[in-house]
Amino acid sequence: MNKKITSLVLVLCIIISAFTFGNISAVAVDTDKQATSASTGAQKTIQGSAILHCFDWSYNSIKNNLKAISDAGYTAVQTSPVQPPKDYNSGWRDQNGQWWKLYQPLGIRIAESSQSWLGGKNELKSLCTEADKYGIKVIVDIVANHLANKSEGGGYGNLNDGVDGDLKRSEYYHSEGNYANDNDRRIMTQGHIGMPDLNTGNSYIQNKYKQLLIDCINVGVDGFRFDAAKHIELPTDDSSYASQFWPTVLGGASASTSNEIYYYGEILNTPKTDIANYTKYMSVTENTTSDAMLVAANNKNASGLASTTYKFGSSANKAVLWCESHDTYMGSSGSGGLGNTSGVSNDTIVKAWAIIAARADSSALFFARPASNMGDASSDTTWKNTAVAEVNKFKNYFDGQGESVSSDGDVAYVERGTNGIVISKLSGGGNVSLSVRKLANGSYKDRVSGNTFTVSGGRISGNVGSSGVAVMYNEAPAGPSASVTPGSQTYMSDSLQLTLKFENATSGQYSIDNGAYQNYTNGQTITIGQGAPYGTVTTVSVKASNGTTQSNATTYTYTKVDPNQKQMLYFDNSSYNWKQVYVYIYSDGSGSNGEWPGQQMQYDSSLGLYYYEVPDNLSNGYAIFTEEQNASDHRYPADGEPGMPLEGKSKIFVQGNKLEDYVPPVTPQPTAPTTEATAPPTQPPTQPSTPTPTTEPTTQPTTPVPTTEPPFGYYGDANADGTVDINDVTAIQKHLVSISKLKPKGEFLADVDGKGGVNIKDATLIQMYRVNMSGTSRVGQPCYL
């Protein structure tokens, strides 16, 4: 009933508006909102922004173009699928012959560098790190509906031989033999689209995708696009095939981080269910709306381009629009008679983009037409031409403000707020005189052509340049602002690194725990919490100045929490290299932590360990670790042997197949520095990270070996910089999770327990050394070769 009333009100408003402005063939109702941006730079959130679809660009190609992407006003970039594609060969780079293979993955994991044209985890992390410097967010494509086939067709029997071994189980795939179609919701979600259709209702598959998203988030990814999302069932579907895939995967991923994660799903033509059943979890592609807009632009139908109807019925703040997609450009899946879009001119794309991207609240995805070789950046530079870039900046500037969408003859135009307008003249440049609803009187300079337009008496007049697009707004100078990333949060590591930034300012200042303000440079990092006890609350306040105006201080709060308040179980995977780790815990009379193989352990990148919180009723139970449900070799203890006792303690499974008491990395308590005047000549210097409210205690090493030769180095100096400090612990952790590898010298010196190789115990022993705790290791001793 409410929807019907709203629709009647909208229709009535449109009729009244049409009578008021008789020469306007289509006028949309204003949506007035409070401005939230007033900046042409990247928006704070992805929804409502401009996204560049870097189709089949490698991560390095995207990274190398980030400045141009930022200059063109994009808030986010979208990559092709992160999973390993079938039939990858680095020598096969022909775009037309290879692109589709990325949509037939061999696993539910981030591809290694040697397995994809895009690159691997290290390159993806490097892209995310660099993108942060520009305020650009990274969206990755996820294929969650199916895996690679042998040949066209569905079913487990058609599974590609290269698919990861843990996924070669028939229960992980739907048995429905019919090809998916749009007329039956069950067949749409349980049938196949030419490839083995994953049983997304299976808990193992759900947990695999949840972990994939968490792995992506841990390297810096900000959002996810889900391929073929309409083919994955919802909790609201018929109970005979409904599943908890979306809440499990998306909810679990979001719970792993304090950052806001963006999700959107590919819904093509029809979802065959109320679109609200999807939009409660994610934004959605409005492909029929988008395709109709490009058809209108191509046919010079301005009123069609100015249509404000979202055909799926989604709200603007849940919609993703485009001019064209990889499917319409590389294939022929455009709706409404659009077909293949490779023949649509760039001029038409730009004119359509002007209206699509100028719209309020909806995200706009610009497809960068690909280069001829996989991995290369687009040779077609339309994505960054002046008109496109200025429309993107317009979208950023008016984020949060209402819209009025109109048309007159061959012109479609969008007003935003009271001082912004984008005009798209479909027949090309020339003079226009248009009725406007909200635009304030005055002169406006077109940011595309440089021409001046005048608004007077409810009309705007001027000359649109040769591109056919004009972008105008009188920008108010933005005031200075300061920020800290990550924002307020709790943390379990010994210390936390923060990045201090400012915008529209020439200088910034920060204060820790209400202390004196200190100057900082834009992008400067500081470290807090090092050596502080658990429970310590640290506040960081920042402010910025442009020389004449100073922003109000913004305060962030960080709380250091003890990860060991609960009984935990850890697994050191550094010597096992399992793809995932499950733990099954059972206890006589108290049951178990689920059906075999128990629960999947989560990965903590700061510790370099997999972890699981032991349920209270199983505190004195027994544990069995396994890589997968039917593992024989990768199972400890072996099949038929009893589990390992937990004894009510936190435990860690380590090399040698042993379950030991867990000794957490020690958080050093603040102490006064020693007053030792002269250190022995072979003592490795120690120094605190800065800034920190305490001073790192200087620690004496054990007695050096008498020699007249200088030592090769000092045990524990993993980064080989001449000191043994917290940075060496971090270097070891990064080495163990393959974020960055130790150099040969550092790897040799990091083996402080003398057992060969580097493991998490070495990092723990270095921590113990730093706070004068005894330990059976050689940390700090000079190494002579």
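## Helix packing and one buried asparagine in a predicted model

Of the protein's 785 residues, 53% count as buried, where buried means under 20% relative accessible area, exposed over 50% and partly exposed in between, with a 1.4 Å probe and protein chains only. This is a predicted model, in which local features need pLDDT of at least 70 and side-chain atom pairs count only at pLDDT 80 or more, while totals for chains, interfaces and linings use all residues. Residues are numbered from 1 along each chain as its sequence is written, and side-chain values use heavy atoms, with hydrogens and water left out.

The protein has 17 helices and 38 strands; these are DSSP runs numbered from the N terminus, helices (H or I) of at least four residues and strands (E) of at least two. Among contacts (heavy atoms within 4.5 Å) between residues at least 6 apart in sequence, 68% join residues at least 24 apart.

H7 is largely enclosed by the rest of the structure, because 13 of its 16 residues are buried. Its N-terminal end is capped by asparagine 202, which has a side-chain oxygen 2.8 Å from the backbone nitrogen of tyrosine 204. This is a polar contact, that is, a pair of N or O atoms within 3.5 Å; within protein, one must be able to donate a hydrogen and the other to accept it, and residues adjacent in sequence count only if both atoms are side-chain atoms. After H7 comes glycine 220, with a positive phi near 115 degrees.

H14 is mostly covered, with 10 of its 12 residues buried. Among them are Val388, Val391, Phe394 and Tyr397. The buried residues of H14 pack against helix H13 (346-358) and strands that include S2 (50-53), S9 (363-367) and S17 (469-473). At the start of H14, a side-chain oxygen of asparagine 385 comes within 3.2 Å of the backbone nitrogen of alanine 387.

### Helix pairs

Axes are lines fitted to C-alpha atoms, for helices over the stretch in contact, and angles run from 0 to 180 degrees between N-to-C directions. Angles under 35 degrees count as roughly parallel, over 145 as roughly antiparallel, 65 to 115 as roughly perpendicular and the rest as oblique.

The axes of H7 and helix H8 (residues 245-255) come within 8 Å and cross at roughly 30 degrees, and the two helices are therefore roughly parallel. Residues making the contact include Tyr209, Leu213 and Ile217 of H7 and Phe245, Val249 and Gly252 of H8.

For helix H10 (residues 287-298) and H13, the axes come within 9 Å and cross at roughly 130 degrees, so this pair is oblique. The contact involves Met293, Leu294, Ala297 and Asn298 of H10, together with Thr348, Ile349, Ala352, Ile355 and Ile356 of H13.

### Asparagine 593

Asparagine 593 lies in the loop between strand S28 (591-592) and strand S29 (599-600). With 8% relative accessibility, asparagine 593 counts as buried. Its side chain reaches the backbone oxygen of valine 583 at 3.0 Å. Not counting residues up to four places away in sequence, asparagine 593 touches Val583, Tyr584, Ile585, Gly598, Gln599, Tyr612 and Leu618.
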